[in-house]
Amino acid sequence: MLGTLRSDGFPRISPMEPRFFEDQLWLIGMPNTTKFYDLARDPRFCLHTATVDTHLADGDAKLFGVVQDVQDKALHQRFAEALFEETGFDLRGREFGHFYAADLTSASAVESVDDRLEITIWKPGEPERVVRK
């Protein structure tokens with residue numbers, strides 16, 4: 001799930017399938033969606049894994065950051081080619097309105113270990129730290 005800020009300042013959550021490509025995390029998707037208008041107005045975001053198990057057997061993760069709209073047609077087409085090869089989903093030859101590179105400002109992951117929660121927190125330039133609850 002992608003968390004953004006609406007124009008009235010309230011939070012919005014939207015489904016998102018981020019992808020890594022050429023060593024970069026990308027937030028792209030269907031054009032003319034409100035989540036991308038939100039990011040154009042305010043580049044801050046939060047990505048959260050879809051938690052389906054209340055016991056966190058598979059863990060839980062959040063990424064926080066800001067996006068930059070990268071308008072590079074050659075990059076867009078390389079991305080579309082790679083996406084087609086990996087998934088069969090064909091965006092080749094199409095133009096991308098928004099093509100957001102995500103720069104991470106922090107991250108956290110939660111795991112259930114021996115009936116306790118272990119929260120791993122990361123920020124750039126700092127060592128990871130673990131909080132146990």
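At 71% relative accessibility, Asp-114 counts as exposed, where exposed means over 50% relative accessible area, buried under 20% and partly exposed in between, with a 1.4 Å probe and protein chains only. The model is predicted, so local features need pLDDT of at least 70 and side-chain atom pairs count only at pLDDT 80 or more, while totals for chains, interfaces and linings use all residues. Residues are numbered from 1 along each chain as its sequence is written, and side-chain values use heavy atoms, with hydrogens and water left out.

Asp-114 lies in the loop between strand 7 and strand 8. Helices (H or I, at least four residues) and strands (E, at least two) are DSSP runs numbered from the N terminus. The phi of Asp-114 is positive, near 50 degrees, and the residue is not a glycine. Most residues other than glycine have a negative phi. Asn-32 also has a positive phi, of about 60 degrees, without being a glycine. The loop that holds Asn-32 runs between strand 4 (24-27) and helix 1, and Asn-32 is exposed, with a relative accessible area of 60%.

The hairpin around Asp-114 has two residues between its strands. Strand 7 (residues 100-113) and strand 8 (residues 116-122) run antiparallel and are joined by seven bridges; two strands pair if DSSP finds at least two bridges between them. Within this pairing, Ala-107 stands opposite Trp-122 in strand 8. On to the next strand: strand 8 is joined by four bridges to strand 9 (residues 129-132), again in an antiparallel arrangement. Here Ile-121 stands opposite Arg-129 in strand 9. The hairpin of strand 8 and strand 9 has six residues between the strands, and Gly-125 takes a positive phi near 80 degrees in this hairpin.

The aromatic residues come next. Six aromatic pairs are found in a search of the whole structure, a pair being rings of Phe, Tyr or Trp (its six-membered ring) with centres within 6.5 Å, and planes under 30 degrees apart counting as stacked, over 60 as edge-to-face and the rest as tilted. The rings of Phe-96 and Phe-99 form an edge-to-face pair because their planes are at 85 degrees, with the centres 5.1 Å apart. Phe-99 is buried, at 0% relative accessible area, and Phe-96 counts as buried at 11%.

Two kinds of space remain to be described. On a 1 Å grid over the protein atoms alone, a cavity is a set of points where a 1.4 Å probe fits but cannot get out, a pocket is an open set with protein on both sides within 12 Å along at least five of seven lines, and lining residues have an atom within 4 Å of a point. One cavity of 30 Å³ or more is found in the whole structure. Its lining consists of Arg-19, Phe-20, Phe-21, Phe-79, Ala-82, Leu-83 and Glu-86, and helix 2 supplies the largest share, four residues.

The largest pocket holds about 570 Å³ of space. Among its 22 lining residues, Ile-28, Gly-29, Met-30, Phe-89 and Leu-91 are the closest to its centre. Helix 1 (34-41) and helix 2 each give two or more residues to this lining, and helix 1 gives the most, with three.

Key:
Grid points are joined across faces, edges and corners, and a volume is the space filled by probe spheres set on the points.
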